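Let us walk through this structure step by step. Keep the 3D view open as you read.

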Amino acid sequence: MSTQTIDTELVQAAAPLESLNSLDLLESEAIHIIREVVAEFERPALLFSGGKDSVVMLHLATKAFWPGKVPFPVLHVDTGHNFPEVIEFRDRTVERLGLRLEVGSVQAFIDSGELAERADGTRNPLQTVPLLDAIAKNKFDAVFGGGRRDEDKARAKERILSLRDEFGQWDPRNQRPELWNLYNGRHTVGQHVRAFPISNWTELDIWRYIARENIELPGLYYAHDREVYERDGMWRAVGPVSEPRPDEQVIIKQVRYRTVGDMSCTGAVASDAVTVHDVVREVAASTLTERGATRADDRISEAAMEDRKKDGYF
Amino acid sequence: MSINTDENLGPRREGFLAERSEVREPVGTPLAHATLFRFATAGSVDDGKSTLVGRLLHDSKAILADTLDAVTRTSADRGFGGENGSTQKIDLALLTDGLRAEREQGITIDVAYRYFATDRRSFILADCPGHVQYTKNTVTGASTADAVVVLIDARKGVLEQTRRHLSVLRLLRVPNVLVAVNKIDLVGFSEDVYRTIEADVQKVAAEIGVTDVVVVPVSALEGDNVVDRSAHTPWYTGPSLLDILETLPTTDELERGLEPFRFPVQLVIRPQGALAPELASADDGGASFRDYRAYAGQVASGSVSVGEAITVLPSGRTATVVGIDFAGFPLERAVAPQSVSLRLSEEIDIARGDVIAATGTFGEVSQDVYAELCWLSTKPLREGAKVLIKHGSKTVQGLVRAVTGKLDLATFAEAPASGLELNDIGSAQIRLASPLPVESYARHRRTGAFLVIDPQDGNTLAAGLVKDHPGDHEDERYVI
């Protein structure tokens, strides 16, 4: 499923050196940023969920430091409601690259009473506390994220290096200007920086890059048959944390996931995109935004992402 | 001694690297041949800037259905027509306002980045607000832009703000400047109005020193000449705004052949024991990489090929490039702005912050910098201030010895000054704690730019543009 075979009708599309195409330029920009952060910070880490954006980030990191290994650990905030195949993929990838994995557990915080389960069962907003806890415990001073500016209106205004205060908060009205390709990572004790090297990539860029570089992803990004039911215009998988209500009919449908997050709030889309090239074509033709189509938590209000980010979210 | 040559690097087709040399995208893959173009918009809400940005995104189909639905609903709430998503009845400006405070107050606070694509190009649009801190925002947006679109309201013509914008663009050497004469529908698509404004623009641009300005009559609200040529302006024979943006050369394309090779070293890659697992587990146990040593960075300007002579700045040591690596994929030549690693013939002392340059193309490194400063902080600049200077990949201490003048943006003339406030642009003389290989921004955009940073709180205080030393002669800069 994950390793795609290349069909025969392919043409050489790598641009000659003198005309670097958009992917080449985005890739070089991201590698430059990753290297700057590693050079200027004491203890960087990469947020790695096994989702496509974080997988692309890790791939870029392997390129940035070749032939050395990736010189920082990865951090996953596990909601406890993740897809099992994504957790399996996460562990396999970390082992393949010889990396250290830190896990911040939402479940552990709920068990200890430090977090309360939300009435709607959604755990994405609960990730902030374990995230900040893991950052503080490990003394991470820079945390790489796979956030992209095309995802959301608030993200569109965030810097590539985004300063966070002692409480992990983002202050959108007081951001440092980001000039040329000179990144200012200075911070004081207690502050840390979130670094978003793929800020300028779009969902289509990510998929074209995954296809071009033959990057392995969890299988649920490709069309497969799954037991689902419809809720709020999304296809929800039947599972322990996403039980259908009595009036919701369960059917078997060919679906894929455009984003992979918490099972309780991530929906699938109907799709027959079996190969990575199918997905590239599907994304290019899509008429819905990635988050609007698949994330219940971003539908809460027009400023849902902004509110979460101000509190220290990714 | 020759080290690190390709012959002793051993197996290279391991893991994902094997596929990189067969980079392929299928026939008909969207954007497979698209290049990347960055542009910024300058103007105020009153000029219809948000509407223009909304129009570009909408007409290039970058706005997806769910976003459009949300905007249509909000537009209807605010009294716009809002029927069946017809763009003339929705508030296009809503497409670009990101933050809660912006929507509540109807203003734009910060530079926002937008993305759209045509078959030819992927666009990154830096949407710079006009009213609040326009210098700060325009400088930020223009610093990475291949082009800037300046908006003028057709009913108002060239204003002082237009002059200010053009001055900033001249200072930052934005390679392509476009002026959109907006709201042309509100002056009855009048050719006379357009011709008058066009002549004024060219006159002011010439005074300020901006060349090759393209002036396009548009109606962002109605869509005329934004994406498609308009039937309402038969007297305008030029291309639409988007057509122009699709065909202008990028900064790197313009400068690649003209500028000498510069490569700020970000890191030394010397993995020794910490090899990537797929290399460490190769047949030879990674033995061929035991002595691997390369200098990682992004080509700032020009190009470099295997076999070329380089000089390390500021030390002045020389060597030959014996290998260029891109993640295990050997290149014969690297061009700006590729991120690569260089292997050299000699094991010389090179650290982060050094600049690798083509031999014979650099003058002297200097501890005294004369520069134009775009002051971006509410904390004012006073003579005697101690600051940090970040240039390329190096940060050094600096002392602002003197502020020698302040630019009048309306006239591009300099008046005496002894300090700078937020949004001022002025000249200063800075003494550095250790020498930097700075060059004149007028000739070397990348190596002529630096940040001024507050050593106390770490905030960015200013964008710096290196000027020639008083009394410098151009010829001397290329002699070692």
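This is a predicted model: local features need pLDDT of at least 70, side-chain atom pairs count only at pLDDT 80 or more; totals for chains, interfaces and linings use all residues.

Start with chain A. Chain A splits into two pieces: domain 1 covers 20-204 + 303-310, and domain 2 covers 219-299. Where they meet, domain 1 of chain A gives 20 residues and domain 2 of chain A gives 18 residues.

Now look at the side of domain 1 of chain A that touches domain 2 of chain A. Helix 3 (84-96), helix 6 (203-213) and helix 9 (304-310) of chain A each give two or more residues to that side. What classes of residue make up this side of domain 1 of chain A? The residues there are six nonpolar, eight polar and six charged.

Turn to chain B. Chain B is divided into domain 1 (6-22 + 256-358), domain 2 (35-253) and domain 3 (366-478). Find the place where domain 1 of chain B meets domain 3 of chain B. There, 13 residues of domain 1 are in contact with eight residues of domain 3. Which element gives the largest share of the domain 1 side? In chain B, strand 8 (residues 262-269) does, with four residues. By class, this side of domain 1 of chain B holds six nonpolar, four polar and three charged residues.

Next comes the core. The largest nonpolar core has 204 residues. The residues with the most contacts inside this core come from chains A and B: A:L46, A:A195, B:F39, B:V148, B:A180 and B:V181. Helix 1 (residues 22-40) of chain A supplies the largest share of the core, nine residues.

Zoom in on B:V181. Set aside its neighbours within four places in sequence. B:V181 is then in contact with B:I152, B:A154, B:Y194, B:I197, B:V215, B:V216, B:P217 and B:V218.

Now find B:L178. B:L178 sits in strand 6 (residues 176-182) of chain B. Is B:L178 buried or exposed? B:L178 is buried, because 20 other C-beta atoms lie within 10 Å. Not counting residues up to four places away in sequence, B:L178 touches B:A147, B:V149, B:V214, B:V216 and B:I244.

Finally, trace chain B from B:L178 to B:I389. These two residues are 211 residues apart along the chain, and their C-alpha atoms are separated by 32 Å.

Technical notes. Residues are numbered from 1 along each chain as its sequence is written. Chains are lettered from A and ligands numbered from 1 in the order in which they are written. Domain bounds come from an automatic or database domain assignment. Two residues are in contact if their C-beta atoms, placed from the backbone, lie within 7 Å. Ala, Val, Leu, Ile, Met, Phe, Trp, Tyr, Cys and Pro count as nonpolar, Asp, Glu, Lys and Arg as charged, and the others, Gly among them, as polar. A residue is buried if 20 or more other C-beta atoms lie within 10 Å of its own, exposed if 12 or fewer, and partly exposed in between; C-beta atoms are placed from the backbone. A nonpolar core is a set of buried Ala, Val, Leu, Ile, Met, Phe, Trp, Tyr and Cys residues joined through C-beta atoms within 7 Å.
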